[in-house]
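Grab a pencil and work through a few exercises on the structure below. Try each task yourself before you read its solution.

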Amino acid sequence: MSEPICLLEAVNLALARSLQDDPEVILFGEDIGHNGGVFRATDGLAHRFGAHRVVDTPLAETMIAGTAVGMATQGLRPVVEIQFMGFIFPAFEQLICHAARMRHRTRGRLSCPMVLRAPFGGGIHAPEHHSESTEALLAHIPGLRVVIPSSPARAYGLLLGAIHSDDPVIFLEPKRIYRASRTLVEDNGAALPIDRCFTLREGSDLTLIGFGAMIPECLDAAEQLAERGIDCEVIDVASLNPIDYDTLLASVAKTGRAVIVHEAPGKGGVGADISAVLGEQLWGQLRAPIIRVTGLDTVMPYYRNEMHYLPGVSDILDAVNKSLEAGRDEILQATGSG
Amino acid sequence: MKPSRDQKIWMYEQMHTSRYFEECIEKIYMEGKSPAFNMAKGPIPGEMHLSNGQEPCAVGVCAHLSADDIVTSTHRPHHVAIAKGVDLNRMTAEIFGKKTGLSGGRGGHMHIFDAKVNFSCSGIIAQGMGPAVGAALSRHMQNKPGVAVAFLGEGAANQGAFHESLNLAAVWKLPVIFVVEDNAWGISVAKSASTAIEHNDARAAAYGIPGHFIPGNDPLAIFDIAGEAIERARRGEGPTLIEIETYRLAGHFMGDAEGYRPKGEKEALFARDPIPKMRQQLLDDEDWSDAQDQELVARTHARVDAAIQFARDSEYPAPEEAMEKVFV
């Protein structure tokens, strides 16, 4: 690939590569064939690989997920598209009671190698069920992998990793950054590991932890903080189940400070879990309370108030300042110079 | 389509096996659960949904299937599992929660999976239907032989998954047969109080596929209709919906007081028990003697007794095994 591509095109590239390399891969979903998907993630694939590989389904998510379970346990690798994450709820029964438990329940005799892709998150001025982030509901489920890319290269590599995995994988695509940036992505068929964090920027003062569309915000904030002489480490969690705690713990043990950023509501969110584990494991090594920057504990607002709801760079900077001040107070108290 | 003598004897033997198996399970289930019924006690804790009375549905359909064909069953799966040829020792061990069970004692009686004969079941109603459609699609896409049969209860026919699955199977003409075991009761609610039509075969018309209602819990009639439907699916002509009138001789689950049943219903059902009826048919219509019958009964009892002994003798899984096989 000689031209730089965006995250959405990287998804398309990984799907095309999988269809080409593996005859067991079948794309399956609403409006993905002739229409190429509502966001164009499957653009051109039905034409190139045929309607028997890129299959338009009825608008019926329970059946889409159920059919994918049957396909996956009988030798195929369905890659399902749920048009918006807000349409995923009818599929929960199959995802939670069947797909996620197949391996455990059959003692590994059966597995359910399916991928369910869904665009998620706010920032495109759509109503709430086209903008919400309900990843915590899925990341809570044992046996269900949840993977979220935050750049074109990671979208390509992580989607290949998801398709190669013998576990069911929920692959959530941050639609706000579908077309936000372009980079060169080599179409070499190389998968990225789907159980690792990605350290995007090394730093010693504080660890910024996020995923999806919050990663560009974290990187922007880190850039601004660097100008003030504050050196942030930025980690893309990327896999929400299971979470690569080795990387997170090593980073926060080093910096002593963590700010966790996601756009889903804070209550019961992935950030709450990460915060709890860091607190449990690093008690005594933390220099400040772990701070979460999240969406508000409410329904995703309609478009005029969307940016009020979504965390942004200034919210991250506020949290970082709070973290640094907490540390400074302690130091001042300890030295008796306050 | 009429069964041969051998097929009739096979059906009769599977019905006997299932019935005796459940009679044994029923007794063992009650071990430790008296004087006060406590579901958590005894060698088989948890819920227990018996299928006695519904054996004709299983044998009339599975007589036409091979190990390659796919079956998804329900929370009431024993009769279908036995007729599909699921390993009886390991199925019994699974019900006891033992390490040697088909799922290593992780699943219990509502989660019996035997990949060797392509059998699975789900404790959630109607939710085996989508996977059956997907399995049929998989065979179709890979040009492999085999049909899928989804068993469900009549209560499940009011689920969205029922309609979504029928529609897709019909649109794509998939080799799948939907078999509704109508035992008249959705737990405690009568079919007439939950379902807008008398027989679910009428719903086939909404999807442009053949629908059949089979009255009388009759294994020979089920063999006939199911055989036609399965042959049709094998010819690539698409799905069929079959509803079978059957009898739930037990409660919804063991411990069910069954206060919702009209007086005399159970006695009337037992009077129509399909197993003695089939025995009489064999004696009347086929070269079949009392001595042969006794030999068959002894054979099935020995097989079931051995399976139960195997389950009793097996070890429980270690607690730490619960953490295995969550992810690859």
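What follows is a set of tasks on a sheet, a side chain, an interface and some salt bridges.

First, the ground rules. This is a predicted model, where local features need pLDDT of at least 70, side-chain atom pairs count only at pLDDT 80 or more, and totals for chains, interfaces and linings use all residues. Residues are numbered from 1 along each chain as its sequence is written, chains are lettered from A and ligands numbered from 1 in the order in which they are written, and side-chain values use heavy atoms, with hydrogens and water left out.

**Exercise 1. Work out the strand order of the open five-stranded sheet in chain A, and say which strands stand at its edges.**

Step 1: Helices (H or I, at least four residues) and strands (E, at least two) are DSSP runs, numbered from the N terminus. Two strands pair if DSSP finds at least two bridges between them.

Step 2: read off the order. In chain A it goes S7-S9-S8-S11-S12, and the pairing is mixed.

Step 3: find the edges. S7 (198-201) and S12 (291-295) of chain A each have a single partner strand, so one side of each is left without a neighbour in the sheet. On average, neighbouring strands here are turned by 25° against each other, direction ignored. (Axes are lines fitted to C-alpha atoms, for helices over the stretch in contact, and angles run from 0 to 180 degrees between N-to-C directions.)

Step 4: zoom in on one pair. S8 (residues 206-210) and S11 (residues 258-265) of chain A run parallel and are joined by four bridges. Take A:Ile209: its bridge partner in S11(A) is A:Ile260.

Step 5: Contact, by the way, means heavy atoms within 4.5 Å.

**Exercise 2. Decide whether A:Gln83 is buried or exposed, and track down its polar partners.**

Step 1: A:Gln83 is in the loop between S3 (77-81) and H4 (92-99) of chain A.

Step 2: check its accessibility. Buried means under 20% relative accessible area, exposed over 50%, and partly exposed in between (1.4 Å probe, protein chains only). A:Gln83 comes out at 9%, so it counts as buried.

Step 3: list who is around. Leaving out residues up to four places away in sequence, A:Gln83 touches A:Glu30, A:Asp31, A:Val38, A:Phe39 and A:Pro119.

Step 4: pick out the polar pairs. A polar contact is a pair of N or O atoms within 3.5 Å; within protein, one must be able to donate a hydrogen and the other to accept it, and residues adjacent in sequence count only if both atoms are side-chain atoms. The side chains of A:Gln83 and A:Asp31 make one at 2.9 Å. A polar atom of the A:Gln83 side chain also lies 3.3 Å from the backbone oxygen of A:Glu30.

**Exercise 3. Describe the interface between chain A and chain B.**

Step 1: count residues. On the chain A side 40 residues are in contact with 37 of chain B.

Step 2: get the area. Together the two chains bury about 3,100 Å², with 64% of it on carbon and sulfur atoms; buried area is the accessible area (1.4 Å probe) that two parts lose on being put together, summed over both. A:Gln74, A:Arg105 and A:Arg107 supply 25% of what chain A buries against chain B, more than any other three residues.

Step 3: look at polar pairing. There are 16 residue pairs in polar contact between the chains (both at pLDDT 80 or more). The rule finds one salt bridge across the interface: A:Arg107 with B:Glu321, closest N and O atoms 2.8 Å apart. (A salt bridge is a side-chain nitrogen of Lys or Arg within 4 Å of a carboxyl oxygen of Asp or Glu.)

Step 4: find the main contributor. H3(A) gives the largest share of the chain A side, eight residues.
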